[in-house]
Amino acid sequence: MKRMKILFSVLGLALLAGSGLFANGGSQASKGPTVVRVWSNDAHNKDEYVKAIDAWNAGEGAQKNIRIEYTVYGGDYAQVLDIASQADEIPELFKANDRIPSLIANKKIIPVTELPNFKSVIDEYTPYFKENLSTFGGVPYAIPLNQQCFGQITNTDLLRRAGFNAPPKTWDEFERAAIAISKLDPGKVYGFALPVQWDYFREFYIMVSATPSIGSFQWDFTNGKYVFSRLTPFFQMIQRLVKAGAMFPGAETLSDDALRAQFAEGNIGMIMGSGSFNVGVFYDQFPVKAQWEESPVPVQDLNNAYKGQAVIGALYAVSQQAKDRGILNEVAEVYKVICSQSLREELYTSGKDIPINPKISQSAKPPVRRQWNAFAEIGANTVLKGTIPDEMFSVEGDDYYTVFSKLCLLQAEPAAALADLDRRYDAAFAQAVSRGIIKRADFIDPSVEAAFKINK
């Protein structure tokens, strides 16, 4: 039903396009300004974006006869994009991130180098371009604006009631704390939670929580193979906690927002793998009703720990339709608003986004939210994730999102399920290479694993 509602919504856009409302990307020289649609799923920084866009629409945009139409979607954003792509109704400018490789392959987006009068922006961000992430074949398809890092958010009041004076630093401490918290008010308060229903839970909760303990992503860039099996101890811990009744119930239908709402109400003690964007969320969207802190993700062994994982937070792509409709000049002006230093500084100061360009952080006013400072320290100890091969091919059988879900719901055994993932993903990678879909050399880089090591 949910997918049908999205489909009807997209079809509605298609009908509007056919009626002429979005003809030429909304260009109506005789009737009004050119409308440039911008889509995102970033609710945490919506207020800052809306403020900047409204001001631009009323000022410079009005002078140039351009109006930005900004839409923020929720947890169904990936589905929205997929359906919009199938209906040829992708907006002119939109957050694409891990969809970029497939969008390029299907000729749905164009390089940002095709935007007129945009070279100065490209030059400014060139030092932060990363192949197979924002550039492909050396061609930039999106500007890397900010990065997100991940830590652990804890309800300090619940931890203290459970007998812990500080956030857990190891998996063992996390496990003991989660079980203890769940005994404080049985049936109401739980030690931790996982939003298995959310499209990105595998990345933003599982992988980022395990990375500081395994020292790699799911793909080993040194040996050129998948290493899901390294997650076996992590999922064994998760399954012990589920069996102990320490995980918030209904994980299979729990969205990220629902999890955050329950944490804000004081019903969840800890969130392992919480994104830096959650600082803004827990102040503005879901104000927490207790004392809460931010700290590094717990690790399996403090003596064998690695750096954490960071990801690019916003990669906006330009649709082929924008070019077909002849409004690249207008889109370039809108993209400049998104990339503007004033907006980036405001996002940093308000505790929403970490600029990928450190000069912006240095020139911005100091952050006003104390938990943000912890993320600044965590972010300095991370490895930025690029494109992993599986984002460019499909695998036979259950993908790792489905397998991770089954593991969290006690529907599979960790060692066997993860070893099977390794075998199937390695086979799919080899097939993609043999068919010329990807080049193996593009995913061999020993410096990636070396970067995870902490100098002691």
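1. Start with Asp88. In this predicted model, Asp88 is partly exposed, because its relative accessibility is 42% (buried means under 20% relative accessible area, exposed over 50%, partly exposed in between, with a 1.4 Å probe and protein chains only). Asp88 forms a salt bridge with Lys108, with 2.6 Å between the closest N and O atoms (a salt bridge is a side-chain nitrogen of Lys or Arg within 4 Å of a carboxyl oxygen of Asp or Glu). This pair links distant parts of the chain, 20 residues apart: Asp88 sits in the loop between helix 4 (77–86) and strand 3 (93–95), and Lys108 in the loop between helix 5 (100–105) and strand 4 (109–110). Helices (H or I, at least four residues) and strands (E, at least two) are DSSP runs, numbered from the N terminus.

2. Next, have a look at Lys323 and Glu114. Their closest N and O atoms are 2.8 Å apart, forming a salt bridge. Lys323 belongs to helix 13 (residues 320–324) and Glu114 to the loop between strand 4 and helix 6 (119–125), so the bridge ties together parts 209 residues apart in sequence. Lys323 is partly exposed at 39% relative accessibility, and Glu114 is partly exposed at 31%.

3. Asp420 and Arg424 both lie in helix 19 (residues 414–434), 4 residues apart, or about one turn of the helix. They form a salt bridge, the closest N and O atoms being 2.8 Å apart. Asp420 counts as partly exposed at 28%, whereas Arg424 counts as buried at 19%.

4. The whole structure holds 27 salt bridges. Arg37, Glu89, Glu92 and Arg325 are joined in a network of them.

5. Val331, in helix 14 (residues 328–339), is buried, with a relative accessible area of 0%. Leaving out residues up to four places away in sequence, Val331 touches Val36, Glu92, Leu115, Val318 and Ala322 (contact means heavy atoms within 4.5 Å). Val331 and Pro116 are 215 residues apart in sequence, yet 9.1 Å apart in space, C-alpha to C-alpha.

6. A word on confidence. The average pLDDT (the predictor's confidence in each residue, from 0 to 100) is 90, and 93% of the residues score at least 70. Over residues 1–30, pLDDT stays under 50, and the model has 44 contacts beyond four places in sequence for them. Where pLDDT is low, the predicted coordinates should not be read in detail.

7. Finally, some ground rules. Residues are numbered from 1 along each chain as its sequence is written, and side-chain values use heavy atoms, leaving out hydrogens and water. In this predicted model, local features need pLDDT of at least 70 and side-chain atom pairs count only at pLDDT 80 or more, while totals for chains, interfaces and linings use all residues.
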